[in-house]
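Let us walk through this structure step by step. Keep the sequence and the 3D view side by side as you read.

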Amino acid sequence: MQLDFTQDDEAFRVSAREWLLANAPRKRGPLDGQSARAFAQAWLSQCHKDGWSGIGWPKEYGGRGLPTEKIILWYEEYVRARAPSVLDCTFVSLNHAGPTLIACGTDEQKAYHLRRILVGDSIWCQGFSEPGSGSDLASLTTTGLVDGDHLVVNGQKIWTSYADIADFQELLIRTEPGSKRHKGLSWVICDMKSEGITVRPIKNMAGATHFAQVFYDNVRIPLSNVVGMLHDGWRVAMTTLGFERKTAAMGLQLELSIKIEDLIALAECPPGSAIGKQLAELRAEAAALRAMTYRTLFKDPVTASDGSLMRLYFAELSQRIHRAAMDILGADALTDSTWTHDYLESYSETIAGGTAEIQRNIIAERILGLPREQPA
Ligand SMILES: Cc1cc2nc3c(=O)[nH]c(=O)nc-3n(C[C@H](O)[C@H](O)[C@H](O)COP(=O)(O)OP(=O)(O)OC[C@H]3O[C@@H](n4cnc5c(N)ncnc54)[C@H](O)[C@@H]3O)c2cc1C
């Protein structure tokens, strides 16, 4: 796909590049815990000070209301500058929670939360998955029973990224007693400092503890924290997940184009070598993913199956690039902290945000028209 940028766009690109060159931290941030929070908050606050936080958000909510072309240019320059990964502890706040509140929240919810998110003062996490309800999210069982003007929440979430350092959570719970599947759910703002919440971080195989189990024991949440209508949480949750198909995922996808360039530089392979051929193919694949991403961004509407195509291709390409890095490093991988860490983390790419099998099911049924999966 060929994108045509105007002179105004190109001037914007130059200003983004110059600002990032002058301001983006040159080192990687900490991976987890309070130091990761402090690093991400400082960076977002700096972005906000100079007008680079939430650039796609509407102006009335503190953003710049920039069009897709300029958001693309921002992320292209962002990854080129090797600025901090977009998948840090501010990802949910900026890309899920804020946009969901803008789309479905009350005036009070917007007034309280949106500015705090943009300046980096409040960190959010996403409490959707439960033990036994990941791919099949509609089977979730954590309950919130109405008691006066509060919900009383009991149950458990799991794999909640940055739950240990978050201020708020987008929490999906069953609020209508006896309801089944997509009906009777509510999307609520949960203050992570509420009494009755226990967070137990889980260490992954890369040694990081950036996700956690969260337990709720009679946690009282004001009904005024329900986003959208009570019992209408599935619609709000689909709105939240829909943002992942738009610009939220773009930064991640573009990061791969830079990773492959860094790997080519690391390999120093002679022309015509087998590894050179492999890297050339990976570079072409990263360019194809970039083209697919841009094509999807200009589609209206972007469907769940568009999102699945991008998510699946991104996840499997990321794993191929990191596996190639291990081949290139050989024994040096044992002492390399960056590529080896990212290689181990890349295993999660085909799980987080919907597993590869689920994406294949969606593509098979909705794009290829194959028979629908029969419920178990
Ligand atoms: C790094 C990371 C961060 C995460 N962060 C969050 C977060 O912040 N908040 C949150 O709510 N969740 C988060 N998750 C959870 C993630 O959304 C789930 O792990 C994912 O949806 C899969 O659910 P599950 O783990 O319950 O696996 P399951 O759904 O139990 O799946 C187990 C296996 O069965 C396969 N399978 C299941 N159903 C089918 C089917 N119908 N057809 C074919 N195969 C099937 C799956 O593909 C998988 O291989 C995170 C996960 C990871 C890895």
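Two points on reading the model come next. This is a predicted model, where local features need pLDDT of at least 70 and side-chain atom pairs count only at pLDDT 80 or more, while totals for chains, interfaces and linings use all residues. Residues are numbered from 1 along each chain as its sequence is written, and side-chain values use heavy atoms, with hydrogens and water left out.

A ligand nitrogen atom sits 2.9 Å from an N or O atom in the side chain of Ser-161. A nitrogen atom of the ligand is also 3.1 Å from an N or O atom in the side chain of Asn-361. Gly-134 uses its backbone: one of its polar backbone atoms is 3.5 Å from an oxygen atom of the ligand.

Now turn to the helices. Helices (H or I, at least four residues) and strands (E, at least two) are DSSP runs, numbered from the N terminus. Axes are lines fitted to C-alpha atoms, for helices over the stretch in contact, and angles run from 0 to 180 degrees between N-to-C directions.

Start with H1 (residues 7-23) and H3 (residues 68-80). Their axes come within 9 Å and cross at roughly 30 degrees. Angles under 35 degrees count as roughly parallel, over 145 as roughly antiparallel, 65 to 115 as roughly perpendicular and the rest as oblique. H1 and H3 are therefore roughly parallel to each other. Their crossing is right-handed. A crossing is left-handed if the near helix is turned anticlockwise from the far one by less than a right angle, and right-handed if clockwise. Contact means heavy atoms within 4.5 Å. Among the residues making this contact are Asp-8, Phe-12 and Trp-19 of H1, and Glu-69, Leu-73 and Trp-74 of H3.

Most residues other than glycine have a negative phi, and most peptide bonds are trans.

Next, H4 (residues 91-104) and H5 (residues 107-119). Their axes come within 10 Å and cross at roughly 160 degrees. That makes H4 roughly antiparallel to H5. H4 passes H5 in a left-handed crossing. The residues that meet include Leu-94, Ala-97 and Leu-101 in H4, and His-113, Leu-114 and Ile-117 in H5.

H7 (residues 250-267) and H8 (residues 274-297) have axes that come within 9 Å and cross at roughly 165 degrees. H7 is thus roughly antiparallel to H8. This crossing is left-handed. Leu-254 and Ile-260 of H7 are among the contact residues, as are Leu-282 and Leu-289 of H8.

Finish in the loop between H8 and helix H9 (304-329), the place of Pro-301. The peptide bond from Asp-300 to Pro-301 is cis, with omega near 0 degrees.

Technical notes:
Polar contact = N/O pair within 3.5 Å; in protein donor to acceptor, adjacent residues only side chain to side chain.
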